[in-house]
Amino acid sequence: MKCRRCGELAQVALPSHHTGFCAPCFENYFLRQVERGIHEHKQFTKEDKLVLAVSGGKDSLGLLLALTELGYAVTALHIDLAIPVSSENARSTVEAFCAKHSIPCHILEMAGKGLPIPEVKKKVNRPICSVCGKIKRHWFNRYAFEEGFDVLATGHNLDDEVARLFANTLRWDQAYLAGQGPVMPAEGRFVKKVKPLCRLTEYETAVWCFLKGIDHVLAACPYSGGASFTGHKKLLADLEERSPGMKMQFYGHFLATGKPAFEAVVENAPPLKECSDCGFPSSQDMCGVCRIKRLLES
Amino acid sequence: MVTIVMESTGERHEFRKLNTVIQLLNKLKLKSSEVLVIRGRELLTPDREIGTQGEIRIRHVVSRG
């Protein structure tokens, strides 16, 4: 297979685009897709104060390098979950990457916040992935808000978005379907959230990391066995193989047609309250994260 | 002999001859969008020939949490 742009031997085949690229042309393509996602959805500009949630995996570190190469000034924010071995590896990977590329990096330690994930796992009778996700979302937003950032970016890619859309559609969850997309506007103490990798699959982010020599965490979280998203991704990969481009179509048409319809339905949802403990938005008197913290303290 | 190394598990497979990457992926029951097929410092597209010797690394790309 030849590179579509320059005719050299291709290293990457992209059936959904009916094309292939050599290494330099793929890097060019990748950066253009990130830039297009940012502009198409009006995610942020070079004037915005931007913080990126970084786990140490390929997507967030790949995005961090891409945004830096595109000329955006980004601060990296990593949450140390206090999971033995796994969290130490993730943290040292992030710190080494940021030091190498001179990117400012802030670490939030969940043990210091009274929320070490191994202890949370012992006390909570729900799937740990959803609880951990809730804690991370709360602290990423809280840090971004308290430190005066305009935009909080995450490394969610097209596969993540499509798997989430599929899960929300299976449940016809109107509120979640109304709220899903590559941009969540700022509201009260919620900082604007964006997903600049929304046009790129995880195969493409993995290729980018390989070609750029990014040293990222390869091991899975030790608590992630049986997570439902993994099963959904397998189903969607089968569909994509039979109909290349299906993922982008499913997501693109949802954003254009489905999301506005769901937004109209949930327009009159009751407003969120302020958490009695931390003051951040909550559907109940006390937010879920403060309730977990109370549970651990009891 | 062609040696295949699965990066996630360290598992190794040996084949006398492999015609193409797609043949290898079929033997391992993998999709081309699920893995990077790495030879040395380059990535191989599904149509690339493999031949009778060398080492190939397989890196899974799907996040597992």
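**From one sheet to the other chain**

Modeller: Start with β7(A) and strand β8 (residues 192-194) of chain A, which run antiparallel and are joined by 2 bridges. In this pairing, Val183(A) sits opposite Val194(A) of β8(A). Keep in mind that the model is predicted.

Now widen the view. The two strands belong to an open sheet of 6 strands, ordered β5-β4-β3-β6-β8-β7 (chain A), and its pairing is mixed. At the edges stand β5 (105-109) and β7 (183-184) of chain A, each pairing on one side only. Strands of a sheet pair through backbone hydrogen bonds, in the parallel or the antiparallel sense.

Next, the helices on this sheet. α2(A) lies across β3 (50-53) and β4 (74-80) of chain A, and runs at about 155° to β3(A). Helix α3 (residues 86-100) of chain A also packs on the sheet. It touches β4 and β5 of chain A, and its direction makes about 165° with that of β4(A).

Follow the chain on from β8(A). Arg199(A) lies in the loop between β8 and α8 of chain A. Its side chain meets that of Glu40(A) in a salt bridge (3.2 Å, N to O). Glu40(A) is in helix α1 (residues 23-40) of chain A, so the pair links distant parts of the chain, 159 residues apart. Over all chains, the structure holds 25 salt bridges.

Helix α8 (residues 202-212) of chain A lies across β4, β5 and β7 of chain B, at about 25° to β4(B). Those strands sit in an open sheet of 5, ordered β2-β1-β7-β4-β5 (chain B), with mixed pairing. Each of β2 (12-15) and β5 (42-43) of chain B has a single partner strand, so one side of each edge strand lacks a neighbour in the sheet. Strand β4 (residues 35-39) of chain B pairs antiparallel with strand β7 (residues 54-60) of chain B, over 4 bridges. There, Leu36(B) stands opposite Arg59(B) of β7(B).

Now the interface as a whole. On chain A, 23 residues are in contact with 22 residues of chain B. The two chains bury about 1,900 Å² between them, with 60% of it on carbon and sulfur atoms. In chain A, Gln11(A), Tyr203(A) and Phe210(A) lose the most area to chain B, together 32% of what that side buries.

The rule finds 1 salt bridge across the interface of chain A and chain B. The side chains of Lys31(B) and Asp238(A) meet in a salt bridge at 2.6 Å, N to O. Side chains of opposite charge can pair when their charged atoms come close. Between chain A and chain B, 4 residue pairs are in polar contact, both residues at pLDDT 80 or more.

Which elements supply the chain A side? β1 (12-14), α2 (58-69), α8 and α9 (228-242) of chain A each supply at least two residues. α8(A) gives the most, with 6 residues. By type, the residues on that side of chain A divide into 14 nonpolar, 3 polar and 6 charged.

Notes
Residues numbered from 1 in each chain as written. Chains lettered and ligands numbered in written order. Predicted model: local features only at pLDDT ≥ 70, side-chain atom pairs only at ≥ 80, totals over all residues. Heavy atoms only, no water. Pairing = 2+ DSSP bridges. Contact = heavy atoms within 4.5 Å. Axes fitted to C-alpha atoms, helices over the stretch in contact; angles between N-to-C directions. Buried area = accessible area lost by both parts, 1.4 Å probe. Salt bridge = Lys/Arg side-chain N within 4 Å of Asp/Glu carboxyl O. Polar contact = N/O pair within 3.5 Å; in protein donor to acceptor, adjacent residues only side chain to side chain. Nonpolar A, V, L, I, M, F, W, Y, C, P; charged D, E, K, R; others polar.
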